[in-house]
Amino acid sequence: EPELEPLDLEWQFWTEDETLTPPGLWKPLDLKSDGTGSLSSSGRIVLGKPAKFEIKPLTIGGRESRWIRAELKQDLPVGSRELPEIETIRVSVNTVTTGPQVGIPADQGFYNATPLDVQVDPGIGFFPFGTEPRQFDQFYVASEEAFSKKEAEVVLDFQLDLQTLAAPSVVRSNAGIRSYSIGLDRKSVV
């Protein structure tokens, strides 16, 4: 499977700290393992949350849920690189009281303030940071069921759509105008 360039991401969760005003804030999640290479390939991301904090409900885009987010820590030059397109995302959780992991579809997603359909059919996909990411862009994902568990280790299973096309080239020939592009799987598409 071809790989994209890794993205500089920080995974965070929304919680509350009564000693602060206002009490709500984004706190970093512990990145226990990243089989995606920072969303450069399909795989699993395992995140841990500090035991003393709970993922609290927050309203984003008019939708209340328990959210985690990935914040893009770098500015990407426009058109300079291939971007990940997520085909499917599944959330599972490990706790000390539950048995084996069970994949749970994510409830909701946002790219900054733009809603994302994270429950799309396989083969359709979505761009978690839009088509022109900028530094501090954010990808939010909600799972009321998975993110409400105490002392949980969250597992995100990403399947990337590697059929995404690079910028097309247009060629004029005796046969007319032809457009060519290379997919991320390095196959030519006419």
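**Reading the labels on a predicted model**

Buried residues make up 43% of the 190 residues in the protein. The model is predicted. It holds 1 helix and 15 strands.

Q: Why is leucine 39 called buried?
A: Buried means under 20% relative accessible area. Leucine 39 has a relative accessible area of 0%, so the residue counts as buried. Leucine 39 is found in the loop between strand E3 (30–34) and strand E4 (43–48).

Q: What makes the phi of leucine 39 worth a remark?
A: Most residues other than glycine have a negative phi. Leucine 39 is not a glycine, yet its phi is positive, at about 60°.

Q: Which value does phi take in phenylalanine 136?
A: Phi is near 75° there, again positive in a residue other than glycine. Phenylalanine 136 lies in the loop between strand E10 (114–116) and E11.

Q: Why is phenylalanine 136 called partly exposed?
A: The class runs between the 20% limit for buried and the 50% limit for exposed. Phenylalanine 136 has 46% relative accessibility, so the residue counts as partly exposed.

Q: Why is strand E11 (residues 138–142) called largely enclosed by the rest of the structure?
A: Because 5 of its 5 residues are buried. Gln138, Tyr140 and Ala142 point one way from E11, while Phe139 and Val141 point the other way.

Q: How do you know that E11 pairs with strand E6 (residues 63–72)?
A: Pairing takes at least two bridges. E6 and E11 share 5 bridges, in the antiparallel sense. Tryptophan 67 stands opposite alanine 142 in E11.

Q: How do you know that strand E9 (residues 108–111) pairs with E11?
A: The cut-off is at least two bridges. E9 and E11 have 4, also in the antiparallel sense. In E11, valine 141 is the bridge partner of glycine 109.

Q: What makes Trp14, Trp26, Trp67, Phe110 and Tyr140 a cluster?
A: Two rings pair if their centres lie within 6.5 Å. Ring pairs link these residues into the cluster. By this rule the protein has 6 aromatic pairs.

Definitions and conventions. Residues are numbered from 1 along each chain as its sequence is written. This is a predicted model: local features need pLDDT of at least 70, side-chain atom pairs count only at pLDDT 80 or more; totals for chains, interfaces and linings use all residues. Side-chain values use heavy atoms; hydrogens and water are left out. Buried means under 20% relative accessible area, exposed over 50%, partly exposed in between (1.4 Å probe, protein chains only). Helices (H or I, at least four residues) and strands (E, at least two) are DSSP runs, numbered from the N terminus. Rings of Phe, Tyr and Trp (its six-membered ring) pair if their centres lie within 6.5 Å; planes under 30 degrees apart count as stacked, over 60 as edge-to-face and the rest as tilted.
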